[in-house]
Every structure is written in structure tokens, then in C-alpha cells.
Amino acid sequence: MSIVKTKVGRRAFIRNTSLASGGLVIGFSWLNSCKPKEAAKIVAMEMPKEWFQINGFLKIGDNGVVTIMSPNPEIGQNVKTAMPMIVAEELDTAWKNVLVEQAPLNTDIFTRQLAGGSQSIRQGWEGLRMAGATARTMLKQAAADAWQVAINEIQTSEGVVSHTASGKSATYGELASAAAKLEVPEEVSLKETSDFTIIGTDKKNVDGHQIVTGQSLFGLDIQKEGMLIAMVTQPPAFGMKFKAIDSSKAESMPGIKAIFPITVYPEGIKKQWSDGGAVPEMVAIVGESTWQCMQAKKALDITWEQAEKAEDTAYHNRELDNLLNTKPASPARADGNVEAAFKNAAKIVESTYSAPFLAHNTMEPMNFYAHVTPEKAELLGPIQTPEYLELTLAEVLEMPLEKIDIMMTRMGGGFGRRLYGSFGVEAAMISKKMNAPIKLVYTREDDMAQGTYRPSYKIRYKAGLDEEGNLIAWHVRGAGTNDDLVFENRFPAGAVDNYLAEKLSLSTNVTTGAWRAPRSNFIAGAEQAFIDEVAEAAGKDPIAFRLELFDRAISKPVGDTEKNDYDPERYAGVLKLVKEKSNWQIGDNRGVAAYYCHNSYVAQVLDVTMNGDTPKVGTVHCAVDCGIVINPLSAKNQIEGGIIDGIGHATFSELTFKEGEPQQHNFDRYRLMRNTEAPEKIETYFVDNGIAPTGLGEPSLPPVQGALANALYKATGRRYYQQPFITDKPPLVG
Amino acid sequence: MATFNLKINGETKKVDVDGSTPMLWVLRDHLQMVGTKYGCGIAQCGACTVHLNDNAVRSCQLPVSAVGEQEITTIEGLSENGDHPVQQAWLEVDVPQCGYCQAGQIMTASALLKKNPTPTDDEIATAMNGNICRCGTYTRIRKAVKMAADNS
């Protein structure tokens, strides 16, 4: 048992006593109207007559039922199940007695209500445990007071407080009223990890029943009294801006209420980073139904004007190639002397890798509900960054933060797209103009063509080997559109004497941003494919070659070890585990890769066969070190999803541009992986080391692209350098 | 505008809409049945899948005027209490991640099992190919369809 001060997020534990007897502490009554009426069906428990708010994270009913708020946005990473599991663990209640609710944005109570960087669990861990432990301590204190015994003689288990010597016991429900009146303790004890009964056990998705029965959960599902549908038409190409509109034909179409140009971001407005992809001016269409708005949108006659350069994919590629041939003014990191080492090398390997722009393509297109009146703004919808949306809304609506309420819905995917919440700002500005509640809906075409894309990338690696096949020099130079790509302090930095990392960025008016595992989603695959080539040139087994490098980084790390951004022992650990579990041997149609990102370590082995020109992945073995696994069931789901996502995009997907216009607007031309193309089987193995939990939503995606490229080489004799692999036609090697 | 009497989930529903309106938007906007999802609008992603009689169809490409007397089943009407073998298998396998495409996946799977109660692995994957899942739940979808076939 460890004793901790309750200072982290202590605001969350300070009760508002006026609310202590029943009712939600956070007054989002208008959200209840969109709760499915069938919800009660899934609650196979009696609802309490009275609730007692213990702290901002939880309330306890008089019958022992516990409602736990899930603070962070849910995008499919399953934090809505995992975060409450952590609270329930330290509260020491039975999971079957727990109800989960999505918390609204409330910066007074919660910290970092953001879905991004695979950080919800890692950064929420301490505060969530404390929320549960604080409540448990208060329940114990309430019992100690009632029974006139010392609190340290009291135990808890599955929602029951007991005192062995006197034989007394009481349920949390019986004690909740008294506990809610107590002062918040200054310090609380946390459980030993070995005493966990909920963390580390399989728990099904708390929204599972609503999902499989088609109940209202997502932003696009919102229906409100008097609500109108809004759509927007943004410039058709990057580099263009709005000039004029003739909406006479569209305005007279059935169900159409208004069509108008709108400045969403007035000049001089202070933007947040989350406004990255924002277009300042566009055309809004408001009507009674979605279909009517779609028809009117097609009938608009809008004149756009060229404001900036119209860029093509060929231009981006040419400029990225130029950057790869440009020596930057200063390196990102330089250890030893690579030039001298290359001169002395027995063998040199050099390869260049590339990847296209990618759209996020969340299955649920962007949308948001807004009702803005002079008095207040209510917003409801799918957003990964509600805190930042609120800050921008305060600017554009010229309204204080306390008059703005934001509630997050479950999201039909995020992958980074919903970090950039300009659609929420658009919804608010349209509602304000209409003086009516509206739901802004993007069509799939809007969604794909108005993205904040994964940048396109090119990277060149050069490695030098000595006579014994030891890696003596490593040079990496990477370039990306609006992104300089290289993580200079990650592997193999620290494992090679002569190391040079250089990075360059190409400025483009195509909006780019975070896409699941930013940068890593390309660089991991490139690096791990290159290492495979280098290992082959060294005449060594690819796993043995990597382990040699980790041994070097462990025993005699190169350069400023403080800078090295990975733990070589944990890195080697996942490689050894996947080697054992996959019965690794060279000669199969198999590839291996390992990578570290989002504070977690992943190693994969996969096999592939060719079906004509299309690769078909058989089994993927995946070893993961993400510290303590909260919910193994959904953790496996995250790993599987990342692997399928990574293989699918590396194999099939790309977004190209002609005169600034995306050439793919829907799934007829933008190819996403489909069921028959997915791996046959994925086996996931977690390292059990008791370390505090780290990221899970992203880390399995990046390396799998390298494992795939390496397996493809074994299957075809060709090294695949250009994503998507389906369009790459590399020559036979040798 | 015209009046249509539609047979949906065993009930008759009356709507006044333009005859060209796709069933997807009749369900979602006019009947407040939002379980059927909008994903692409061009029959490429399968999120809007419903049953027309016993066939899985893309409701985004089905004008309301073409429905006539045919029976429509949506995710809300697949079972009384969410206990259709496919729904149960989906929960048992914990298929969903974000969950958005899953109603369409379930409607495609349940139509498959009606026609072919004992599909092979290949038949399952091929039948599910019209439904995109961006989260990558494909392997669990196949497992759940197999489980539902075994349990029905």
C-alpha cells in the first residue's frame, strides 16, 4: 500500500455540498433528452432512490450502485470503459455495480480532457486512482465514525466496509450519505498492484449494448426540438478562397431556410492549435433535413478565386526530393563522424522511402450540434479537444467561458481528425447567425476534401558496416510537407558510434496535422524496413542484428544518454518475446519490426503471401510493453485495430492532389482495407512488468508497416519503398 | 412531396417526403431512427445497411419511392431486446471499437446467416467485404459471425 497526497486534481474531490443529496453535480440536463429510452434495459440493477456525490468523478446511490464519470472523449480507444475501471479499482467496488457516464467538459474538475497522443490512461492514471481511493477512504471514515473504531482497523471489499473485531459491516450505499458530508482527506492510500481485482481483467465495452442495438450515441445522431440541419461548402481546392455566390436557385428548393457566406474566423481572432485546418470563409446551407440540404448544396453557383499557389502531388514529390538532396544548416543530432566512418566502411547500404498524404476518414463524418443565443452557447458533438474548442468559441462568439457548455458524444472514430475542431466553431457561428439550434453535417466528400491530412513524406537512410558486419555509421535525412519528420533521439541513436540525423520541412498550403501516431506512422516502417536491408547486408538474422544494437545501447550507449528517447532493455524485451512466441526462424515469408512510441514498445512478426499483386497477411504476432494493462480485452482490440489500420494504409491508401484539389472524394476512389484483405489472425502478447501504464491506441500501427515490407521482400524478392505498396512496382533484388 | 406508408420493423410508418429521398434519410431525419448510419452516400461503405425483405441493401441508394410494400428491417428492429445471435456474438467477442460502422456490419452479417446459416470462413469474409471498418475490427467481425452461426 502506498500513501499519496491528494493534491493531483484535488479540485475534483472538493464537493459542492449543496448537490450532495442527489442530482448530477454537473447540470447538463439537456443532454438527457438524447439519452436512449431503452438505456434502462441494460441496467440490470435497481436504480437508487437517492445519489450521494462523493467527488467530481463519482456518486454512490443509497443501494450501492456507483456512477463513475469518464472524463476523456471516447473515440474508439475505449477509455470510457478503462478510465472508470481505474476509479472502481481504488474505490474497491464490484464492477457489476458500476454505471458509466461521459463527463462534459469541465476544467474545474477534470484535467486534460483530450483524446490524443495515446495519453488518456498514462496521464489520467494517478488522478483516477486518487478519485477512487479518496472516496474509499471517506466511506471507511464514515464507518469508523459510526462504529467508534479506528479507521485503520477497517477493510473494504467489493462495495462493503467491514470491521473484523466487532463483526460489523455496511455497504457503500448505506454509508454514502455520511461519507458525502466528510472533509476530503489530505492523504489516501493506494492499492498494491498485486491487490488489483478489476484492473487487469477483461471488461466488455460499456457502450456495447447501445452500439449493437443502434441507439443514439454519436454526434450525427443528435436530434433536438426545433433543430435545423446545416451544411457548409468550403473551397474545392487548397489555395482557393470564396469570392461570390449565386444561391437564387438553391434558396427556392424545398426545405431550405437560408444560404449565406459566413466568416467563421474573423480576422485577428486568436486561434488555438486545434484550429489548424480552419478555413476562414465558406458558404452555409441551412434547411429542414439532411437530404434537402445535400440537394441545395449541389445546386449552388459559387465563384472561388485563386489566393495561393495551386499545388500538385508531382510538385510535392519533386520538392521533397530536392530537400533530400539539401544539406540542412545544422543537424538535429550528430554523434561521431559519419563521413569518416562511411569512408572506412566495408559495405554501404542506402535507400529512400516515401509515403503519400492520407485522409483520416473517420466513418462518422465531421459534425456538431450548436445552440447559440445571446445568453449562452450549448455545443454537443464529437471532439477530441473540447478544452481548445471552448477557448476559440469564447473568442469568436465574444462570450465568457462560463457561458459556453460543451458536451462530448461518443465519436465514430478520431485518428487525430477531431483534434482540429473548426467544425465546432462553424456550427456555433451558423447557429448564432440563424438564432436557432443547428446540427452541422459534413458530407463524406466534404470530410475527405477538407481534411487536416497526414503529411506526405520522403526519407533517405544510409548505413555503413565494417568487415564483421557491425553497424558503424547511420545517416538519416527526412522531409515532410509541413513536417520535419525525424525523431533524432530515437533508436538507433545511442546504438551506433557515428550517427547523423537531419530533418527538413516543405511548406505547403495543404493543411496537415496529426494522424494516428504522427510521424511514427511512416518513419517506423521506413526505418524498420531499412534495418532489415542492413541486417541482410551484414549477413545477420534481422532479430539478432537488432538485439546487438540494443545490447550496445544498454552496455555502452553513444552520445548524451539523457537524450536517448527509449529504454533499450524494454525494446529488446518485446523483440525477444515476439521471437519466442512466433517461433521465429529465417527463411519463411516473414518480416519483423520493433518500434517505440507513445511511451510503449511493440515488436511484430508477420507472414504474407501474394494473391496476384495483392498481399495477404496471414498471422501477425505482436508483443507489447505498455506497462500495466488496464483491460486486456480491449487492449487486444486496440493492438489488432492498429495493426489492421497500419497494414491497410501502407498497402492501399493515398490522397493525391491536382491544382490543389484532392483527387479522391469518397470511398470509390480512396481505397481502405476491406475484410478479405485483413490479416487472418492476430496474436497479442503483453509484457507483465507492473510499470505504470502507457499508450495503447497508437503504438501497434507504426512498426507493422515495416514488418509487412520485410515479409513482402521474403515473399516476392522485392523491397517495397513507396507507399501504398499496391501501386509500387519495385524490381527484384539481386 | 408525397405520402408513403412504410413497413418498418413490423410497424407501418407514414412519412411525407420527396419520393427521391433515400431511405437512409427517411429513417434518420423523418423517423428519428438513427441506428442506420451515414458513411459515404454512394453505397461504398455499408454503414447504412438495412434489410429489404431478407436482403441486405444500402439504404443510402434506396429511394423511398422504390420501397412499396416491401418490409424494411433496421438495426433497431433486428431483435426485441438486442438478443439476436449476431448481436449477442458481437457483444461476446467485444467487436466494436468506435462502434459507428457496427450496425451496418451486423445487418450484413444477419442477412448472410439468414441465407446461409453455415458459411465458411471465406464466405463470411466475402459477404462482409462491402462494409468498411476504419478502426480495423475485421478479424473480430469474422469471429463473431462464425460464433453467431454456431449459436443459431
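This is a predicted model: local features need pLDDT of at least 70, side-chain atom pairs count only at pLDDT 80 or more; totals for chains, interfaces and linings use all residues.
Me: Which residue does B:Lys7 pair with in a salt bridge?

Reply: A salt bridge here puts a side-chain nitrogen of Lys or Arg within 4 Å of a carboxyl oxygen of Asp or Glu. For B:Lys7 the closest N and O atoms are 3.2 Å apart, and the partner is B:Glu69.

Me: How many residues apart in sequence are the parts that this pair ties together?

Reply: Helices (H or I, at least four residues) and strands (E, at least two) are DSSP runs, numbered from the N terminus. At 60% relative accessibility, B:Glu69 counts as exposed. B:Lys7 sits in strand β1 (residues 2–8) of chain B and B:Glu69 in the loop between β4 (55–58) and β5 (71–73), so the separation in sequence is 62 residues.

Me: What pattern of helices and strands does chain B follow?

Reply: Chain B has five helices and five strands. Read along the sequence, they come in the order β-β-α-β-β-β-α-α-α-α.

Me: What is the radius of gyration of chain B?

Reply: The radius is taken over C-alpha atoms, and the globule rule is 2.2 Å times the number of residues to the power 0.38. The C-alpha trace spans about 45 × 30 × 25 Å along its principal axes, and buried residues make up 58% of the 152 residues. For 152 residues the rule gives 15 Å, and chain B comes close to that, so it is as compact as a globular protein of that length, with a radius of gyration of 15 Å.

Me: Over to the interface: how much area do chain A and chain B bury between them?

Reply: Contact means heavy atoms within 4.5 Å, and by that count 58 residues of chain A and 50 residues of chain B take part. Buried area is the accessible area (1.4 Å probe) that two parts lose on being put together, summed over both. Carbon and sulfur atoms carry 55% of it, and the total is about 4,600 Å².

Me: Which three residues supply more of chain A's share than any other three?

Reply: Chain A puts 58 residues into the contact. Of the area that chain A buries against chain B, 17% comes from one trio: A:Val212, A:Met363 and A:Asn675.

Me: Which helix of chain A gives the most residues to the side that touches chain B?

Reply: The rule finds five salt bridges across the interface, among them B:Arg134 with A:Asp645 at 2.6 Å, N to O. On chain A's side, α6 (208–212), α8 (290–298), α13 (444–449) and α17 (632–652) each supply at least two residues. With nine residues, the top contributor is α17(A).

Me: Inside chain A, which residue is the salt-bridge partner of A:Arg410?

Reply: A:Glu74, A:Lys80, A:Asp207 and A:Arg410 are linked in a network of salt bridges. For A:Arg410, the closest N and O atoms of the pair are 2.9 Å apart, and the partner is A:Asp207.

Me: How many residues apart are A:Arg410 and A:Asp207?

Reply: Both residues are buried. A:Arg410 and A:Asp207 form a salt bridge that links distant parts of the chain: A:Arg410 is in the loop between β19 (404–408) and α12 (422–434), A:Asp207 in the loop between β9 (187–190) and α6, and the gap is 203 residues.

Me: Now the backbone: A:Ala517 is not a glycine, so to speak of its phi, what is the value?

Reply: A:Ala517 lies in the loop between β23 and α14 (520–537) of chain A, and it is buried, with a relative accessible area of 0%. Its phi is positive, at about 60 degrees.

Me: Which residue is joined to A:Pro492 by a cis peptide bond?

Reply: A:Pro492 is found in the loop between β22 (471–481) and β23 (498–506) of chain A. Omega of the cis bond is about 5 degrees, and the other residue is A:Phe491.

Notes
Residues are numbered from 1 along each chain as its sequence is written. Chains are lettered from A and ligands numbered from 1 in the order in which they are written. Side-chain values use heavy atoms; hydrogens and water are left out. Buried means under 20% relative accessible area, exposed over 50%, partly exposed in between (1.4 Å probe, protein chains only).
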